[in-house]
Amino acid sequence: MRRRRLKDGVERLLAHREWLVEEPEKHQGLWSELTDGKKIHLEIGMGKGQFITTLAKDHRDVFYIGLEIKEEVILRGVEKAITLDLDNLRFLWKNAEHLDEFFAPNEVERIYLNFSDPWPKSRYAKRRLTHQRFLEKYQGVLKKNGEIHVKTDNEKFFAFSLNALRDAGYRLKNISFDYHNSGVAIPATTEYEDKFSASGMKIYRLEAIKPSI
Ligand SMILES: C[S@@+](CC[C@H](N)C(=O)[O-])C[C@H]1O[C@@H](n2cnc3c(N)ncnc32)[C@H](O)[C@@H]1O
């Protein structure tokens with residue numbers, strides 16, 4: 001499907017630039033100054049922001065950062081944050097490839113990967129956000145016992161992620177092959193999650209704890 005760009009997306013996003021951290025490299029190792037010492041939870045590929053704005057509204061003691069590469073979708077997240085007047089949420093309009101330039105070791109407590117692009121063709125496997133290449137970046141910024149939480153509708157991407165995390169030494173917990181029918185409370189859903197679960201698709205979920213080596 002072709003990407004629909006908002007004609008004035010960049011302009012509209014930059015009109016709210018106080019919600020963006022435009023040069024995150026400058027905060028590497030210094031994020032606690034921006035977060036007031038709150039622990040950092042980061043959503044990579046946050047899309048239109050329903051998930052992260054819900055969590056930020058309900059957990060004021062955590063500082064949330066939404067990272068997203070497309071201006072037309074991050075703009076929707078920023079608009080939600082403005083409506084909710086959230087002071088514990090900021091956005092990085094950036095590519096996750098550079099994550100290890102934005103944060104120092106031990107700065108991030110949790111990473112959320114929600115409905116990441118599955119890149120089904122094996123020649124593009126390196127682009128998957130749970131590829132070993134990315135796991136090394138996450139390893140470099142997560143705290144001791146930091147966690148990665150993955151949700152997806154894509155069974156093959158889920159199996160790939162599970163294996164990649166296990167091979168990288170992460171301890172896996174709360175693995176669900178049908179999250180929405182598992183009886184657990186769901187603290188927040190994403191836009192993709194609502195669409196897929198409404199059409200009867202299963203949602204897969206896991207939590208992974210950073211290896212201590
Ligand atoms: C399938 S969408 C899911 C959006 C949202 N998480 C949800 O569940 O509704 C994946 C999102 O990840 C973003 N994305 C993919 N690769 C990325 C990267 N390397 N850095 C930042 N964002 C990325 C895409 O732009 C897209 O908005």
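Colleague: Which residues have the most contacts inside the largest nonpolar core?

Modeller: A nonpolar core is a set of buried Ala, Val, Leu, Ile, Met, Phe, Trp, Tyr and Cys residues joined through side-chain atoms within 4.5 Å, where buried means under 20% relative accessible area, exposed over 50%, and partly exposed in between, with a 1.4 Å probe and protein chains only. Here the largest nonpolar core has 34 residues, and those with the most contacts inside it are L42, I44, F103, I111, Y138 and I148. This is a predicted model, in which local features need pLDDT of at least 70 and side-chain atom pairs count only at pLDDT 80 or more, while totals for chains, interfaces and linings use all residues. Residues are numbered from 1 along each chain as its sequence is written, and side-chain values use heavy atoms, with hydrogens and water left out.

Colleague: Which element gives the largest share of this core?

Modeller: Elements here are DSSP runs numbered from the N terminus, with helices (H or I) of at least four residues and strands (E) of at least two. Helix 7 provides the largest share of the core, five residues. The elements that each supply at least two core residues are strand 1, strand 2, helix 5 (99–102), strand 4, helix 6 (132–141), strand 5, helix 7 (155–167) and strand 7.

Colleague: Is strand 2 buried or exposed?

Modeller: Seven of the seven residues of strand 2 (residues 62–68) are buried, so this strand is largely enclosed by the rest of the structure. V62, Y64, G66 and E68 point one way from strand 2, F63, I65 and L67 point the other way, and both sets are buried.

Colleague: Which strands pair with strand 2, and over how many bridges?

Modeller: Two strands count as paired if DSSP finds at least two bridges between them. Strand 1 (residues 39–44) pairs with strand 2 in the parallel sense over six bridges, and H41 stands opposite Y64 there. Strand 2 also runs parallel to strand 3 (residues 89–93), to which five bridges join it; in that pairing, L67 has L92 as its bridge partner, and G66 stands opposite F91.

Colleague: What is the handedness of the unit made by strand 1, helix 3 and strand 2?

Modeller: A crossover is right-handed if, with the strands pointing away from the viewer, the path from the first strand over the helix to the second runs clockwise. Strand 1, helix 3 (residues 50–58) and strand 2 make a right-handed β-α-β unit. The chain then crosses from strand 2 through helix 4 (residues 71–84) to strand 3, and this β-α-β crossover is right-handed as well.

Colleague: What is the volume of the second largest pocket, and which residues are closest to its centre?

Modeller: On a 1 Å grid over the protein atoms alone, a pocket is an open set of points where a 1.4 Å probe fits, with protein on both sides within 12 Å along at least five of seven lines, and lining residues have an atom within 4 Å of a point. Its volume is the space filled by probe spheres set on the points. The second largest pocket has a volume of about 310 Å³. Of its 22 lining residues, H149, Y179, P187, R205 and E207 are the closest to the centre. Helix 3, strand 4 (108–114), strand 5 (142–152), strand 6 (171–176) and strand 7 (204–209) are the elements that give two or more residues to the lining. The lining divides into eleven nonpolar, seven polar and four charged residues, with Asp, Glu, Lys and Arg counted as charged, Ala, Val, Leu, Ile, Met, Phe, Trp, Tyr, Cys and Pro as nonpolar, and the others, Gly among them, as polar.

Colleague: What is phi in D36 and in W119?

Modeller: Most residues other than glycine have a negative phi. D36, which is not a glycine, has a positive phi of about 60 degrees; D36 sits in the loop between helix 2 (31–35) and strand 1, and counts as exposed at 68% relative accessibility. W119 also has a positive phi, near 40 degrees; W119 belongs to the loop between strand 4 and helix 6, and is partly exposed, with a relative accessible area of 28%.

Colleague: Is G49 buried or exposed?

Modeller: G49, in the loop between strand 1 and helix 3, is buried, with a relative accessible area of 0%.
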